[in-house]
Amino acid sequence: MKKIISRRSFLSQLSAGTATAVIAGPLGLYAGERQDRKLGVALVGLGKYSTRQLGPALRETKFCRLMGVVTGSKEKGEQWAKDYGFPVKNIYSYDTMAQLASNPDIDIVYVVTPNGLHAAHAIAAAQAGKHVICEKPMANTVAECDSIIAACRAAKVKLSVGYRLHFDPYHQELMRLAKEQGFGPITNMTGDRGFVMSTKVWRADKKLAGGGPIMDLGIYIIQGACMAANGAAPLAVTAIAHPTTRPDLFVDVEQGMSWTMEFPGGAICTAQTSYQHNCDRFKAASAKGWIEFKEHAFTYRGMVVETSRGPLSFTPPNQQALQMDDFARCVLSNRESPIPGEIGRRDLVIIEAIYKAAATGRRVALNI
Ligand code: NAD
């Protein structure tokens, strides 16, 4: 614990501007931000997202690097240590996360386990004195989000949610249009996101996933719509669950969901999400124009985006590398993440309202 405190005070010295040489990072440094070394990240859960996206992205980050893992498989951890060049002492199991407290190599813990485990792992990381990134959805319930936020506050560590699209140039253009009212106020949004699930996995298990595709996929449309509404949350939702055509897969979660969100100013988003159809689209329109994410709206690459003024063309960055670097810079400069726990919590409030609307058949008002 002693080491942690001295590491923390070192970081606060950094942000107070009393520490060593300033190195101009390739991303450019914020005022008062200094960098002496890359912050150490530990990934919790070495499944597909960690293996295919976050691990490789951590080879590209400028302000942080992979320095440890938390995994149920010692052999897997040893392979990662070899591949990424961190010491085997930095391999932890889910049960030994408290020991992270005495490891100064690790500054940031990134929780990438199934949704229903996010709260336990994020809280364990915070209690070990580590800054936390939690994958989306932030947790299964609003109450779990509250406990993560409280644990991070109590430990005085920073918290962010893995909403990588805040670092995607097409979504940044959506946010810019919303902020500057490029097409005037958005009045109408549509979204559809789904994939075909053919075998039962944790994503269709309520305890581990919190719900069905609304938790995993619909949440992207919720995020996109709130971006198009210039950060505003919906005032009310209506929803209807899709009929279950695969009762073998969808026992205690919905197979699909159609829902609407009413935003301040009267904008309406009509959306659907499903584990039984393929789609990835989003459109926001006003009386004067529109922006349409026609293909791969919410994924990492291959986005096809047009506006009423013509197609958009950006070089796709590594969203995850930008996201993790931004969080490392938040830690270095003692700045709050632009994607704090409160945004993850907001989306769970909306999702809980959608489930309530689907269960009751009634419009559910929100006051976020
Ligand atoms: P995955 O199934 O591939 O990996 C999950 C990992 O958790 C595995 O390593 C598994 O061993 C481990 N685990 C620990 N306890 C477990 C348990 N009790 N049951 C099942 N697995 C357990 O899943 P994934 O696709 O890597 O998703 C992990 C998290 O990342 C989810 O919260 C998901 O929503 C999120 N995710 C985010 C994005 C994104 O673009 N931001 C993309 C994919 C996944």
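Predicted model: local features only at pLDDT ≥ 70, side-chain atom pairs only at ≥ 80, totals over all residues.
**Stop 1: the ligand**

**Stop 2**

Display the side chain of Arg164. One of its polar atoms lies 2.6 Å from an oxygen atom of the ligand. Then turn to the backbone of Lys136, where a polar atom is 2.8 Å from a ligand oxygen. Thr113 also has a polar backbone atom to select, with an oxygen atom of the ligand 3.2 Å away. Taken alone, the ligand exposes 840 Å², and the protein buries 78% of that.

**Stop 2: Lys136 and Pro137**

Stay at Lys136 and step to the next residue, Pro137. The peptide bond from Lys136 to Pro137 is cis, and its omega is near -20°. Most peptide bonds are trans. Pro137 belongs to the loop between strand E5 (131–134) and H5.

**Stop 3: helix H5**

Follow the chain into helix H5, which covers residues 142–155. Select Ala151 in this helix. Is Ala151 buried or exposed? Its relative accessible area is 11%, under the 20% cut-off, so Ala151 counts as buried. To place Ala151 against another part of the chain, draw a line from its C-alpha atom to that of His118: the two are separated by 13 Å, and the residues are 33 apart along the chain.

Next select Ala155, also placed in helix H5. Ala155 has a relative accessible area of 19% and is buried as well, because the cut-off is 20%.

**Stop 4: Lys156**

Move on to Lys156, in the loop between H5 and strand E6 (159–161). Lys156 is not a glycine, yet its phi is positive, at about 55°. Most residues other than glycine have a negative phi. Lys156 counts as exposed because its relative accessibility, 69%, is over 50%.

**Stop 5: His296**

Another positive phi is found at His296, where the value is near 50° and the residue is again not a glycine. Look for His296 in the loop between strand E12 (290–295) and strand E13 (304–307). How is His296 classed by accessibility? With a relative accessible area of 37%, His296 falls between the limits of 20% and 50%, so it is partly exposed.

**Stop 6: Gln255**

Finish at Gln255, in the loop between strand E8 (236–241) and strand E9 (256–262). Gln255 is buried, since its relative accessible area of 5% is under 20%. Show its side chain together with the backbone of Thr245. A polar atom of the Gln255 side chain lies 2.7 Å from the backbone nitrogen of Thr245.

Notes:
Residues numbered from 1 in each chain as written. Heavy atoms only, no water. Polar contact = N/O pair within 3.5 Å; in protein donor to acceptor, adjacent residues only side chain to side chain. Areas by Shrake-Rupley, 256 points an atom, 1.4 Å probe, with all protein chains shown as cover. Helix = DSSP H or I, 4+ residues; strand = E, 2+ residues; numbered from the N terminus. Buried < 20%, exposed > 50% of the residue type's maximum accessible area, 1.4 Å probe, protein only.
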